[in-house]
Amino acid sequence: MQQKPGIVSYFLPRLQDLFFIGILFFVCTQGFRLLNGDGDLGRHITIGNYVLDHWAIPTRDIFSHTMMGQPLVPHEWIAGVIFALATRLLGLNGDVLVTGILIASAFTLVYKQTVDRGVFRLVALLIVAWAALASFLHWLVRPHIFSFLFIAVWTLILEAAVNNKKRNLWLLPLIMLIWANTHGGFFLGFLILGAYFAGWIWEYWHGQSTKETGMFLASVGLLSFAASFINPVGSHLWITSAGLIGKSFIINNTSEYLAPNFHITSTWPFLAMLVTGLIFSWNNKLLRMHEVFLLSGWTILSLYMARNIPLYAIVTAPYLGVVIQPALNNFERLKKMNDSLSNVEVNLKGVFFPILAVILLTVGFISNVRFDVGQRGNIHDPSRFPVDAVTWMEEHPQSGKMFNEFIWGGYLLYRLWPEQTIYMDGTTDFYGEAFTREYAGVIAMQDGWQDTLKKYDVSWAILPSSRSLIQALQNDLGWKIVYQDQTTTIIRKP
């Protein structure tokens with residue numbers, strides 16, 4: 001007879017709790033890199049602050065002078081609110097902590113799913129740690145991290161449903177409702193659901209599944225699709241999510257949209273995971289058809305765009321464990337170790353230590369403890385962002401409309417809005433391909449670049465000091481430098 005867990009079971013950590021803590025602390029050691037690997041966080045914090053201050057979600061652009069009043073699809077407003085709240089409580093440390101919790105939670109769920117598939121616990125730990133390492137190249141403090149967790153939860157629930165373990169018709173639509181308002185990657189949930197449904201068709205055709213499973217998947221799909229329309233702009237959310245299709249200029253000039261470059265060492269864990277999975281999956285009868293579809297589909301998506309690599313790792317890590325496990329069954333010592341761990345962990349709840357880890361990190365951040373590797377703290381890098389220049393601008397406000405380096409747009413909003421509106425930021429899906437081409441034309445000083453500045457009535461520019469455009473503005477248009485440091489130059493029309 002199984003003994004009922006006592007209160008002690010909540011205080012003793014399981015292997016997955018230690019894994020969660022390890023990932024969480026590792027993310028916090030990378031905070032400086034995560035904050036400075038991308039410039040969009042400032043925009044999300046700004047939108048979140050607007051929602052918190054006005055109790056309204058902006059559906060018209062109020063952040064740039066170039067697109068002022070144009071329809072805006074706030075498809076990441078919940079993420080923005082969470083980042084804004086974290087910033088208000090802990091500064092940028094709070095955003096790093098939120099990112100750490102999301103990543104650690106996502107891969108802990110992947111570990112749980114891998115163990116549930118019969119993979120030895122220590123082996124599952126190594127495989128999921130490997131998957132986390134493969135995803136590291138796209139760890140940033142940005143809303144796409146929420147999709148890490150949503151996809152881990154989504155696949156965990158679907159896997160339980162197709163195995164007749166637990167079915168809740170309303171749970172996935174509820175998750176989709178939140179996901180569609182948190183990150184534009186919500187449509188990936190439907191791709192995953194489609195793979196499960198295609199797998200069910202195959203298995204039903206061969207007498208390996210039931211009609212009830214197909215009805216459940218179809219019902220969940222329809223309800224989730226309906227739930228995705230419950231957002232500030234309705235069907236326009238789907239139009240925006242598909243907005244990059246066919247926009248070759250934006251895709252070809254954005255590194256995360258390009259195929260992975262295997263000459264860069266950060267892609268090697270993914271490459272090793274990919275090759276290992278293909279080797280062990282060859283002629284393997286352990287994978288079900290929906291898993292074959294998911295493994296094949298995510299392999300294609302991750303080879304097409306590097307930004308899909310973390311999602312490939314999250315979805316396929318359990319399958320990698322399943323196909324490797326048969327090769328390990330003959331190791332009796334490993335099997336005994338796994339049985340011992342299983343017997344110990346079967347009654348453990350492990351709530352205390354993950355919560356304690358979050359509390360300790362929070363207290364540490366409040367006490368200004370620097371957890372990052374370089375001990376620089378979770379700040380914007382003055383050598384990458386116009387930190388000192390914006391500080392100068394707070395004392396010397398610039399009148400008129402600006403032209404800015406687009407990757408600085410989010411940071412400029414974070415520091416200067418609403419007193420100052422920007423030219424553009426990194427949300428190129430909003431600004432569109434034609435506008436982005438115009439911007440690139442100014443930066444490259446292509447024919448007609450002066451006309452573009454006149455078109456948008458630009459009076460001054462804030463640019464990296466290395467830009468050749470600065471000299472052209474001086475020589476061709478007679479503009480004057482009013483501020484300059486090693487990172488940033490501010491130059492005005494006389």
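Q: Why is Phe-190 called buried?
A: Buried means a relative accessible area under 20%, exposed means over 50%, and partly exposed covers the range in between (1.4 Å probe, protein chains only). Phe-190 has a relative accessible area of 17% and is therefore buried. The model is a predicted one, in which local features need pLDDT of at least 70 and side-chain atom pairs count only at pLDDT 80 or more, whereas totals for chains, interfaces and linings use all residues. Residues are numbered from 1 along each chain as its sequence is written, and side-chain values use heavy atoms, with hydrogens and water left out.

Q: How many aromatic pairs does a search of the whole structure find?
A: The search finds 32 aromatic pairs. One of them joins Phe-26 and Trp-139, with 6.0 Å centre to centre and 70 degrees between the planes, and is edge-to-face. The rings of Phe, Tyr and Trp (its six-membered ring) pair if their centres lie within 6.5 Å; planes under 30 degrees apart count as stacked, over 60 as edge-to-face and the rest as tilted.

Q: What makes the pair of Phe-26 and Trp-139 a link between distant parts of the chain?
A: Phe-26 belongs to helix H1 (residues 15-29), while Trp-139 lies in the loop between helix H6 (121-135) and helix H7 (144-162), 113 residues apart. Phe-26 is partly exposed because its relative accessibility is 37%. Trp-139, at 1%, counts as buried.

Q: How do you know that the pair of Phe-190 and Trp-238 is tilted?
A: The ring planes of Phe-190 and Trp-238 are 50 degrees apart and the centres 5.4 Å apart, so the pair is neither stacked nor edge-to-face but tilted. This pair, too, links distant parts of the chain: Phe-190 is in helix H9 (residues 187-205) and Trp-238 in helix H11 (residues 236-241), 48 residues apart. Trp-238 has a relative accessible area of 23%, so this residue is partly exposed.

Q: How do you know that Arg-33 lies over the face of Phe-136?
A: A charge sits over a ring if NZ of Lys or CZ of Arg is within 6 Å of the ring centre and within 35 degrees of the ring normal. Arg-33 lies over the face of Phe-136 at 4.2 Å from the ring centre. Arg-167 lies over the face of Phe-216, at 5.6 Å from the ring centre.

Q: Why is the contact of Asp-116 and Lys-112 called a salt bridge?
A: A salt bridge is a side-chain nitrogen of Lys or Arg within 4 Å of a carboxyl oxygen of Asp or Glu. The side chains of Asp-116 and Lys-112 meet at 3.1 Å, N to O, so they form a salt bridge. The two are 4 residues apart in helix H5 (residues 92-116), which means a separation of about one helical turn. Asp-116, at 41% relative accessible area, is partly exposed, and so is Lys-112, at 33%.

Q: What makes the salt bridge of Arg-121 and Glu-345 a link between distant parts of the chain?
A: The side chains of Arg-121 and Glu-345 meet at 2.8 Å, N to O. Arg-121 is in helix H6 and Glu-345 in helix H16 (residues 332-345), 224 residues apart. Arg-121 is buried, with a relative accessible area of 17%, and Glu-345 is buried, with 11%.

Q: Which residue forms a salt bridge with Glu-438?
A: The partner is Lys-455, the closest N and O atoms being 2.8 Å apart. Glu-438 lies in helix H20 (residues 428-443) and Lys-455 in helix H21 (residues 449-455), 17 residues apart. Glu-438, at 22% relative accessibility, counts as partly exposed, whereas Lys-455, at 53%, counts as exposed.
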